[in-house]
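Biologist: Thanks for sitting down with me. Could we go through this model together, one question at a time?

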Amino acid sequence: DRVPFDELSLEERRMQFDVRLEDALSSLIFVAAKAGSQRCKNKLAEYDKFLARRKMDPEEQSFYLQRRQQLEKRTHLCNVCWWDIDSTTDTTIFPAGKDPMDVNVNNSFTNINDIKSYVRTHLRSFKEPGGCALLLETIIRCHGVEYTDQTFGGEGELLSCNCKESLKHVSSSNACTNPLTDDCMTPKLLSLLLTGEARTSHQNWSGDTFGIGVLRMNNNEPPNNQLLRPIKQIWLCQGDTGYSLLFLKKKKLIGREDSLDQPGKAFHWNCWSAELSSMKISSKVFGAGPVSSTVSDDSEEEGRTVMDSICSKIRSEHRRNLASPWADIALSSADASRVQHNPVTDDELAAVKFHPDDEKYYPEQHRRWRFHFGSVGNDSVVPAGAWIPFYRLGERQRLVVEMKLAPRIVALVRSRWPMAEVTDFSPRGQYPIV
């Protein structure tokens, strides 16, 4: 295993940056190329059925066999892109400073096994302004025009980065005062990048190709359980200001079905501010207990057959698919029947109101405040008797208040560990921008 990038010295980072970027870009393009290749293979199978049913004379048969050979050849190729080349100097014409309508993209087919060589050759193009556009254009073309038109036709923008605009509204406490409601990218594009198949929501797919998960600030549309419980301890985080990264500092994490239940030390990386923050995440729900393995070792235990290992892995994967963090709370609750164990929605958070006098005279002491939940009528005035002091709130109401008042990074963490305590922030007294 390679040393994590943040643990390298400055000189080691300079030396390995291009190599690791090359691996990352090649992996994304390879996922798209393999998906496009599989669609070609499916077409080839249908074509073979067509040839088997059709009676042809020798000339017609020669024509169709030639078309079949072209289709079979296409299963080993992918469509890659690069910028225009200056015919006089034989150098790449980068798009920086140009009108996007004046930028031309060239494309050709290359063998799927040569993707890394292609990325290495055009690495500077990916690093220059316009590199993300070149990457996405290559990925879309790898999937094929027919598939992308059928999947994305008429949807407008698939990618609309609002991160810079959101960062203008970040306050001194690293909270976004005017979060944008739209994601930078649609679920279709995100799932296409991570899995090779476009999905309309964050349900019914996983990031197991790369072993990563997804966390979202918008709890009205939470990711499914496989995205919340990835194979590795890495999550893409969609917050108020855009996308960031959360990962745990754990060794030998892969293959332990409850290894994420007590997260421990975590790190957050914001690519816009280039800030790495650390924190400690403690889950109130789970205590220390035995940990069982979900992936068998290379050497099977004595008396255990290969079929036993396969069945064990299938059962573990089934548990992982069904295990919701909120269901875990319900199972651990002393009286689960009286508590609603569902994710806290954005509507619930918006319905919480704080008494203005309490907020004024007891700043940052919400346990001394009074609260109101729900609508207040046309005059927007809450009756005096409708305010509820914190100590009288029910369990669900307290959870909603805690989620409402917590720093945004805490709200993001609790979308995965609902009852977690997040402490020991570093840099001290500063919350990460999410």
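Biologist: Is Cys-81 buried or exposed, and what is its relative accessible area?

Modeller: A word on the source: this is a predicted model, where local features need pLDDT of at least 70, side-chain atom pairs count only at pLDDT 80 or more, and totals for chains, interfaces and linings use all residues. Residues are numbered from 1 along each chain as its sequence is written, and side-chain values use heavy atoms, with hydrogens and water left out. Buried means under 20% relative accessible area, exposed over 50% and partly exposed in between, with a 1.4 Å probe and protein chains only. Cys-81 is buried, at a relative accessible area of 0%.

Biologist: Nice. How many disulfides are there?

Modeller: A disulfide here is a pair of cysteine sulfur atoms within 2.5 Å. By this rule, the count of disulfides is 0. Cys-81 is in none, with the nearest cysteine sulfur 7.6 Å away, and that sulfur belongs to Cys-142.

Biologist: What span does H5 reach from its first C-alpha to its last?

Modeller: Helices are DSSP runs of H or I with at least four residues, strands are E runs of at least two, and both are numbered from the N terminus. The expected span of a helix is 1.5 Å times one less than its number of residues. For H5 (residues 131-143), with 13 residues, 18 Å is expected, and the helix comes close to that by reaching 19 Å.

Biologist: Which residues is Ile-115 in contact with, leaving aside neighbours within four places in sequence?

Modeller: Contact means heavy atoms within 4.5 Å. On that basis, the partners of Ile-115 are Ser-26, Ile-29, Phe-30, Ala-33 and Cys-78.

Biologist: Last one: why is H8 described as largely enclosed by the rest of the structure?

Modeller: The buried residues of H8 pack against H1, H5, helix H6 (145-152), strand E3 (213-216), strand E4 (234-238) and strand E5 (243-248). H8 is largely enclosed because its buried residues number 8 of 9.
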